[in-house]
Amino acid sequence: MKICQVEKTLVSTNRIKEMGHRPLLVVKEKGGARSIAVDAVGCIPGDWVICVGSSAAREAAGGKDFPSDLTIVGIIDHWSEE
């Protein structure tokens, strides 16, 4: 699992049908690179979130066949960046 901050929404007009209409968000680990994550919980920019990767990301996004390798599974209520 990773702790990331949501930066903004990513608009993608062309998607494969298996992705459905799940939102895509640009997230960034503290001091790390930006990534694209599937939003499974309803985040907004500025939220600190918990992300999972690999097969856990596919399961959290909708199933073993879902094409995701990073999915947001939780919004952090209280977080200090220290």
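Predicted model: local features only at pLDDT ≥ 70, side-chain atom pairs only at ≥ 80, totals over all residues.
**A few notes on Ser 68 and the cysteines**

1. Setting aside neighbours within four places in sequence, Ser 68 is in contact with Val 38, Ser 54, Ala 57, Arg 58 and Ala 61.

2. Where does Ser 68 lie? You'll find Ser 68 in the loop between helix 1 (54-61) and strand 5 (70-75).

3. Now for the polar contacts of Ser 68. Its side chain reaches the backbone oxygen of Leu 70 at 3.0 Å. There is also a side-chain to side-chain link: Ser 68 and Thr 71 are joined by a polar contact of 3.0 Å.

4. On to the cysteines. How many disulfides does a search of the whole structure find? The count is 0. As a reminder, a disulfide is a covalent bond between the sulfur atoms of two cysteines.

5. The cut-off here is 2.5 Å between the sulfur atoms. Seen from the other end, the sulfur of Cys 51 has its closest cysteine sulfur in Cys 4.

6. Are these two cysteines buried or exposed? Cys 4 counts as buried, at 2% relative accessibility. Cys 51 is buried as well, with a relative accessible area of 0%. For reference, buried means under 20%.

Key
Residues numbered from 1 in each chain as written. Heavy atoms only, no water. Buried < 20%, exposed > 50% of the residue type's maximum accessible area, 1.4 Å probe, protein only. Helix = DSSP H or I, 4+ residues; strand = E, 2+ residues; numbered from the N terminus. Polar contact = N/O pair within 3.5 Å; in protein donor to acceptor, adjacent residues only side chain to side chain. Contact = heavy atoms within 4.5 Å.
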